[in-house]
Amino acid sequence: MARDYYAILGVDKSASDKEIKKAYRRLARKYHPDVNPSVEAAEKFREISVAHEVLTDPDKRRIVDMGGDPMEQGQAGAGGGFGGFGAGGGLGDIFEAFFGQGGTRGPRSRVQPGNDALLRTVITLEEAYSGLRKEVTVDTAVLCDRCEGTGSASKAKPVTCDQCGGAGEIQEMQRSFLGNVMTSRPCPKCSGFGEVIEDPCPKCDGGGRVRARRDITVNIPAGIADGMRIRMAGAGEVGHGGGPAGDLYVEVATKRHSVFTRDGDDLDFTVRVPMVDAALGCSVSVTGLDGEDVAIDVAAGTQPGERVRVEGRGMPRLRSDGHGDMLAHIDVVVPTEVDDQTRDLLEQVRGRLRESARVTQEGDGEESFFDRLRNRFRR
């Protein structure tokens, strides 16, 4: 059965944190080992210290108010692993399982902490740039509003199970080739809790929680990247018996943008430049994620595959100051069809440049196309 932590400190259930701390200090002065070296005093000091820890923790105190014992709950799931016999396993547990030797494991707390929940939401790159408050719908277990998590229609405390006597398990004697074997199993009446609710709440069937959909607002920070998760403490699943809720994790996915591709805090995009503009130089504007136009200056003589960097116009840096950069990748466009007049003009340009197609050789002082490609991948 759950310990009465209020009685240990000698305070009422309605006591404030200040009153609980005052009662603890009063008892600590009486039973502290430096003042009272007796064995009984040491045990009493340990007991009041545990009670102080439980009642000053909001989540643990809530479990106590629901009729559970958070300190027993913390021990219930210890051990385990792949062995299947729990903490400290081995022959002792095997003999206990077959021959009934050793102490009972005791009832498990009816008030259990809730699980974490995961929700995925999709945003645009513009929203990732600016940040936003987004309303999302969550489908989780919530506290039953009819019984307020007690599981009882009258909100009464559970009573000791009369079938197992509060042990949470029952033992049976069975005959086998080894002789009489004592086996233990969870009590079917109380499901291993050691206590039962005499008037289960009709809405939650005594579980203290119900399934419900609700809308919550998520604060998505500026600069968040695809796949990141936002933790919302206490917004997950409410536990059995009205236990404290777990956390909610909201995973963010970003839609593909029509212009920009994100690379860390930088924004990459492609600018198609006619060959004449690449030779003479030009300027082109692109609308940034903040809605403002950004000028991209293409210098005269820009070669295919070169990049133009615009500093400070990329994504905001998460948990830091400043922004990344914009990187314009230059794609020089060569016309595939020209009319007679354009052909004549291009012939004149070719004649004036006095250059012709040639194969580059070692020592020319110029990189070949393949050299430029190889060096670009090495950066």
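Modeller: What follows is a set of questions about labels, each answered from a value and its cut-off. Please keep in mind that this is a predicted model.

Biologist: Let us begin with the aromatic rings. What makes Phe260 and Phe269 an aromatic pair, and why is the pair called edge-to-face?

Modeller: By the rule applied here, the count comes to 1 aromatic pair. The ring centres of Phe260 and Phe269 are 5.4 Å apart, and rings pair if their centres lie within 6.5 Å. The planes stand at 80 degrees to each other, and because an angle over 60 degrees counts as edge-to-face, this pair receives that name.

Biologist: How do you know whether Phe260 and Phe269 are buried or exposed?

Modeller: Phe260 has a relative accessibility of 4%, and Phe269 likewise has 4%. Since buried means under 20%, both residues count as buried.

Biologist: Where is His257 found, and why is it called buried or exposed?

Modeller: His257 sits in the loop between β9 (248-254) and β10 (261-263). Its relative accessibility is 19%, which is under the 20% cut-off, so His257 counts as buried. Leaving aside residues up to four places away in sequence, His257 touches Leu125, Glu126 and Leu289.

Biologist: What span does α2 reach, and what span is expected?

Modeller: Helix α2, residues 17-31, has 15 residues and reaches 21 Å from its first C-alpha to its last, which is close to the 21 Å expected at 1.5 Å a residue.

Biologist: Why is the contact between Glu47 and Lys44 called a salt bridge?

Modeller: The closest N and O atoms of Glu47 and Lys44 are 3.7 Å apart, and because a salt bridge requires a distance within 4 Å, the pair qualifies. Both residues lie in helix α3, 3 residues apart, which is about one turn of the helix. Glu47, at 30% relative accessibility, counts as partly exposed, and so does Lys44, at 26%.

Biologist: What makes the salt bridge between Asp139 and Arg211 a tie between parts apart in sequence?

Modeller: In this salt bridge the closest N and O atoms are 3.4 Å apart. Asp139 lies in strand β2 (residues 132-143) and Arg211 in strand β7 (residues 209-220), so the pair ties together parts that are 72 residues apart in sequence. Asp139 has a relative accessible area of 38% and is partly exposed, while Arg211, at 56%, is over the 50% cut-off and therefore counts as exposed.

Biologist: How many salt bridges does the structure hold, and which residues are linked in a network?

Modeller: The structure holds 17 salt bridges, and Arg120, Arg229 and Glu251 are linked in a network of them.

Methods: Residues numbered from 1 in each chain as written. Predicted model: local features only at pLDDT ≥ 70, side-chain atom pairs only at ≥ 80, totals over all residues. Heavy atoms only, no water. Phe/Tyr/Trp six-rings, centres within 6.5 Å; stacked < 30°, edge-to-face > 60°. Buried < 20%, exposed > 50% of the residue type's maximum accessible area, 1.4 Å probe, protein only. Helix = DSSP H or I, 4+ residues; strand = E, 2+ residues; numbered from the N terminus. Contact = heavy atoms within 4.5 Å. Expected span 1.5 Å × (residues − 1). Salt bridge = Lys/Arg side-chain N within 4 Å of Asp/Glu carboxyl O.
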